[in-house]
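Biologist: Before we talk about particular residues, please show me the model, and then I will ask on what grounds each term is used.

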Amino acid sequence: MKFLFFTDSHIRGTTPKNRKDNFYETLKSKFEEIINISKDLDVDYILHGGDWFDRPDISPSIVREFAIIIKGFNKPIYTIAGNHDIYGHNPKTIGRTMLGLLEGTGIVTLLGYDDEMVLKKGGISTKITGRPYNYDIDSEEYYKKYYIVKKPDDVDYTINIIHGMLLSKPFFKGIAYTLLDDIKDTEADITLAGHYHSGFGIKKRNDKFFINTGSIVRISNSLAEIKRKPSVVFVEVKEKIHVEEIQLKTALPGEEVLDREQLEMSKDRNLKLHEFYQGISSKGEYKKIDLFKIIDEITSNQELSREVKEEALRRIGIARESFSKGEEQND
Ligand SMILES: [Mn+2]
């Protein structure tokens with residue numbers, strides 16, 4: 001039984017300010033390459049780790065174009081919603097989102113917290129579970145119920161797909177995350193994670209695989225992202241598990257797509273922080289800014305010191321309270 005996994009495609013019609021290419025065209029080429037890889041490897045199923053779209057309300061013309069492309073996989077697609085796919089971090093809003101539309105029209109199958117699929121082929125059975133993003137997914141109180149899954153006796157393998165901040169080593173304080181070592185008791189043979197865009201590759205703990213090869217697009221212009229080559233993962237389960245990371249050929253060298261000048265500018269920590277404060281202090285502007293993108297940008301920016309990151313995240317926390325109240329009214 002063969003799978004192809006990729007995550008965090010962040011489909012959008014505009015080009016992020018850090019990118020020098022036509023992001024929309026790049027996205028299309030990447031999807032086309034991934035479809036070709038899936039055909040060449042003759043995979044049975046496509047798995048995606050969430051954040052299909054950059055926002056839940058991407059324009060219909062863009063969704064239409066990508067829906068046509070995604071149908072080209074011509075294989076069942078099992079997936080989950082990421083934080084960018086839903087409104088206000090609320091998984092219950094999926095019915096009014098563009099990912100909900102892909103699900104409703106049968107282009108993808110969304111796995112909710114209580115769903116489990118048992119796939120069978122050639123005498124092998126694999127149980128697939130999905131854990132869409134939720135605000136408490138990495139909380140100390142609840143992370144286990146999302147990350148740790150059971151394996152029934154009557155299946156050969158179990159795969160859990162999750163959209164959460166799973167990391168291989170500790171980050172700085174101020175953002176919730178879950179470490180591989182915290183969840184090594186999971187009975188999932190393979191945990192496939194999205195959400196953390198830089199990824200941690202393919203890791204093994206207690207004979208279990210933990211995989212996040214990162215977003216297929218590079219949005220933030222940190223040094224790590226400039227060096228990173230986006231990739232997908234081929235998984236084959238037979239008598240044993242075979243996993244393989246495949247780098248995308250359509251992903252150009254970081255220097256060619258990410259704006260180095262923007263990175264140089266951000267080296268001035270005070271300037272960066274000043275711009276950030278300006279962004280959130282003007283109310284009209286603020287509503288147009290994706291909070292998680294700000295958090296992603298700050299946390300992945302290697303030019304910022306730990307203290308600056310912590311202070312920024314502390315202030316975001318305060319700003320976020322009033323933001324989510326406003327968002328609920330509009331929703
Ligand atoms: Mn994402």
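Biologist: Leaving aside neighbours within four places in sequence, which residues is Ile35 in contact with?

Modeller: Ile35 is in contact with Ile69, Gly72 and Phe73, where contact means heavy atoms within 4.5 Å. This is a predicted model, in which local features need pLDDT of at least 70 and side-chain atom pairs count only at pLDDT 80 or more, while totals for chains, interfaces and linings use all residues. Residues are numbered from 1 along each chain as its sequence is written, and side-chain values use heavy atoms, with hydrogens and water left out.

Biologist: Why is Ile35 called buried?

Modeller: Its relative accessible area is 8%, and buried means under 20%, with exposed over 50% and partly exposed in between (1.4 Å probe, protein chains only), so Ile35 counts as buried.

Biologist: What makes Asp8, His10, Asp51 and His197 donors of the manganese ion?

Modeller: Donors are N, O and S atoms within 2.8 Å of the metal (3.2 Å for Na, K and Ca), and because water is not among the atoms, sites may look incomplete. Asp8 (OD), His10 (NE2), Asp51 (OD) and His197 (NE2) lie 2.1 to 2.3 Å from the manganese ion, so these protein atoms meet the cut-off. Since His10 lies in the loop between strand 1 (2-6) and helix 1, and Asp51 in the loop between strand 2 (45-48) and helix 2 (60-71), the pair ties together parts that are 41 residues apart in sequence; helices (H or I, at least four residues) and strands (E, at least two) are DSSP runs, numbered from the N terminus.

Biologist: How do you know whether His10 is buried or exposed?

Modeller: The relative accessible area of His10 is 1%, so His10 is buried.
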